[in-house]
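Try each one on the structure before you read the solution.

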Amino acid sequence: MSIRTRLTLWYVGLLALLLIVFGVALYATVYITSYQEVDRSLRQRASDIQASLATVITLQDDLSSLFERKVVFLPNADVFSTGEIYVQLRNADGKVFSRSENLGSQYLAIPSEQHARARFGQAAPSDFIVNKTRLRLYVAPIRAKNDAVLGYIEVAQSLRQVDNTLRELATLITVSIAAGLIVAAVGGWFIAGNVLAPIGKVMTAAQKITRARDLGRRIEVPQMVDEVGRLAMTFNEMLARIEELFRAQQRFVADVSHELRSPLTAVRGNLDLLQRGAANDPEERAQVIEAIDSETARMSRLVSDLLLLARQDAGVPIAKQMIELDTLLLEVYRQAQVTAKGVTFVLGAEDQAIITGDRDRLKQVLLNLVDNAVKYTPQGGKVTLSLTKDDTWVKIAVQDTGIGIAAENIPNLFDRFYRVDKARSRDAGGTGLGLAIAKSVVDAHNGKITVESQIGKGSTFTVWLPLSETKTVPNTTPLAQSPRLALNET
């Protein structure tokens with residue numbers, strides 16, 4: 001069942017409920033009001049008759065046999081009857097001695113219990129049927145001064161007019177509800193269609209984009225920015241994100257293929273040399289084997305780095321243990337001095353700090369940063385490694401006096417395979433994933449990594465790590481990791 005149909009049914013159902021409740025309330029109000037008006041009229045007629053009889057009866061001294069002796073001539077019942085109101089006077093023995101002419105030859109056959117109720121002061125209206133005509137009856141006693149019941153006043157009114165009125169009202173309510181629901185169904189169908197039409201356009205546009213596999217297309221946003229407009233904008237944002245990720249995936253596959261193709265080509269070339277007789281010359285054979293070993297080691301590092309990034313992307317939890325960062329910093333410092341290659345390596349501030357995390361991964365991060373600093377610092381330059389802390393955070397900084405990084409390249413530094421300038425590197429053996437791995441590891445420790453750099457003056461990479469895992473990232477603008485995957489020299 002479509003949303004349009006469901007909306008129409010809900011609208012019609014709710015309106016039907018409201019109309020039915022209103023119709024029932026209106027019918028009940030008219031019903032009660034009509035009967036109350038009839039009862040009021042009957043009581044008034046009975047009260048008028050009682051008043052008239054009381055005036056006549058009080059002129060006599062002997063009230064016990066007024067009717068039998070016919071000493072008193074009571075007013076004719078026709079005086080009190082009008083239209084469909086019937087009046088009948090009955091003595092205490094049940095004999096009718098006066099009735100209105102509109103009764104014709106008929107008598108009001110009043111149930112005996114009505115007289116009994118009237119005798120005890122329970123004068124109340126009731127319904128009964130005479131010749132298939134519903135009548136509303138009211139019985140009131142005729143009392144003497146000594147409170148003796150001398151007879152009964154019986155007043156009845158036909159309910160034909162009331163029944164006709166109620167029948168017509170019920171018909172009118174039924175027809176009105178039916179007509180209203182038909183109009184509501186038709187109107188609701190068209191209104192729901194108009195409301196859902198923009199959503200249909202969005203859906204059609206999305207289907208066309210999917211079938212055409214053209215992620216560059218966008219959904220037209222309506223001029224009125226309502227819920228549908230915001231939905232279209234959300235779709236466009238999602239499409240832009242999907243397109244960006246798709247392009248990034250394409251670039252990533254291309255970059256990985258390129259990175260693997262170079263060492264594979266070198267390995268195949270050296271194997272070809274061996275096949276053509278290089279193995280006969282010990283010196284040449286050693287060079288070929290060394291080249292093959294170097295390239296296979298490069299491929300092994302690349303695969304290991306990709307596996308590490310895949311594990312990080314999959315959310316595999318890191319190993320957690322207590323780490324003395326100052327001790328770890330000294331290990332990195334000693335190891336970096338061996339590969340300094342003419343660059344002065346200095347140990348700066350060294351506070352004592354203990355955190356919880358993966359010691360091997362953090363050491364790999366620091367070695368990657370130190371290796372980058374050495375690569376891009378000319379001989380005679382200086383690299384400073386320092387560790388400071390405050391009440392919340394530990395800050396490890398790797399500062400160099402190298403060639404620096406242009407501001408427009410900084411946002412992409414931590415993208416996978418991104419290279420600012422491949423020619424700047426004195427060592428082409430990197431996998432291009434070092435900084436991406438560093439950021440991934442630091443993020444897994446609930447920290448962040450930032451960079452500050454000026455062309456010709458050097459760069460400073462800073463790793464922020466929380467002293468406690470419950471702390472949040474420091475209130476500084478993090479270097480956003482772009483989803484673009486290009487070339488990154490580490």
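**Exercise 1: the second largest cavity**

The second largest cavity holds about 40 Å³ of space. This is a predicted model, where local features need pLDDT of at least 70, side-chain atom pairs count only at pLDDT 80 or more, and totals for chains, interfaces and linings use all residues. Residues are numbered from 1 along each chain as its sequence is written, and side-chain values use heavy atoms, with hydrogens and water left out.

Task: work out which residues line the second largest cavity.

Step 1. Points are joined across faces, edges and corners, and the volume is the space filled by probe spheres set on them. By this rule there are three cavities of 30 Å³ or more.

Step 2. List the lining: Leu325, Leu328, Leu362, Val365, Leu366, Ile396, Val442, Val463 and Leu465.

Step 3. Sort by class (Ala, Val, Leu, Ile, Met, Phe, Trp, Tyr, Cys and Pro are nonpolar; Asp, Glu, Lys and Arg charged; the others, Gly among them, polar). You get nine nonpolar, no polar and no charged residues.

Step 4. Assign elements, which are DSSP runs numbered from the N terminus (helices H or I, at least four residues; strands E, at least two). Helix H7 (325-338), helix H8 (359-375) and strand S12 (458-466) each give at least two lining residues. H8 has the largest share, with three.

**Exercise 2: H8 and its neighbours**

Task: find the angle at which H7 and H8 cross, then the one for H8 and H9.

Step 1. Axes are lines fitted to C-alpha atoms, for helices over the stretch in contact, and angles run from 0 to 180 degrees between N-to-C directions. The H7 and H8 axes come within 10 Å and cross at roughly 45°. That makes H7 oblique to H8 (under 35 degrees is roughly parallel, over 145 roughly antiparallel, 65 to 115 roughly perpendicular, the rest oblique).

Step 2. Now take H8 and helix H9 (residues 434-444): they pack at about 145°, with axes 9 Å apart. By class, their contact (heavy atoms within 4.5 Å) has eight nonpolar, four polar and one charged residues.

Conventions: 1 Å grid on protein atoms, 1.4 Å probe; cavity = no way out; pocket = protein on both sides within 12 Å on 5 of 7 lines; lining within 4 Å.
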